[in-house]
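Please read them with the structure open.

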Amino acid sequence: MRAAPDRVLPRTEELTATLDSLAGQLFDRTRAAGAVRGVVTWDDLLPLMCGLAFAAKVYADDDETRLEAGRRHLGVMLRGLHG
C-alpha cells in the first residue's frame with residue numbers, strides 16, 4: 001500500500017516494502033497475543049495511520065496544536081483497536 005503517489009529516492013520502494021513487511025509481522029504478533037481485536041488487519045491499520053497524520057496536519061496551523069490533535073486521534077484509534 002502506498003501513502004504517497006511518487007517515490008523520490010531510488011531505494012524508497014524497497015525500503016517501504018521492507019518496513020511494511022516488518023510492521024505487518026509485528027502487528028500480526030500483537031493480534032495473536034490478543035492485544036488487538038482479531039477482526040483488524042494490517043491492511044486496515046495502514047490507511048488509518050495515514051489518515052491520522054493527515055488529520056493532525058490539517059487540524060491547526062501551529063505545531064503544538066497539531067501534536068495535541070495527533071496524540072488525541074491516535075489515542076482514540078488505539079483504544080478502538082485494543083482487544
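1. Helices here are DSSP runs of H or I with at least four residues, numbered from the N terminus. On that basis Arg-72 and Glu-68 both belong to helix α3, where a spacing of 4 residues puts them about one helical turn apart. The model is a predicted one.

2. The side chains of Arg-72 and Glu-68 form a salt bridge, with 3.6 Å from N to O. Arg-72 is partly exposed at 37% relative accessible area, and Glu-68 is partly exposed at 48%.

3. Helix α3 also holds the pair Asp-63 and Arg-66, 3 residues apart, or about one turn. Their salt bridge has its closest N and O atoms 2.8 Å apart. Asp-63 is exposed, with a relative accessible area of 60%, whereas Arg-66 is partly exposed at 22%. The cut-off for buried is under 20%, so a value of 22% does not count as buried.

4. Salt bridges in the model number 3. One of them joins Glu-14 to Arg-11, with the closest N and O atoms 3.6 Å apart. Glu-14 has a relative accessible area of 47% and is partly exposed; Arg-11 is partly exposed, at 47%.

5. Which residues of α3 are buried? They are Ala-69, Gly-75, Met-77 and Leu-81. The buried residues of this helix pack against α2, residues 42-59.

6. The length of α3 agrees with expectation: its 19 residues, 63-81, should span 27 Å at 1.5 Å a residue, and the C-alpha atoms at its ends are 27 Å apart.

Notes:
Residues numbered from 1 in each chain as written. Predicted model: local features only at pLDDT ≥ 70, side-chain atom pairs only at ≥ 80, totals over all residues. Heavy atoms only, no water. Helix = DSSP H or I, 4+ residues; strand = E, 2+ residues; numbered from the N terminus. Expected span 1.5 Å × (residues − 1). Buried < 20%, exposed > 50% of the residue type's maximum accessible area, 1.4 Å probe, protein only. Contact = heavy atoms within 4.5 Å. Salt bridge = Lys/Arg side-chain N within 4 Å of Asp/Glu carboxyl O.
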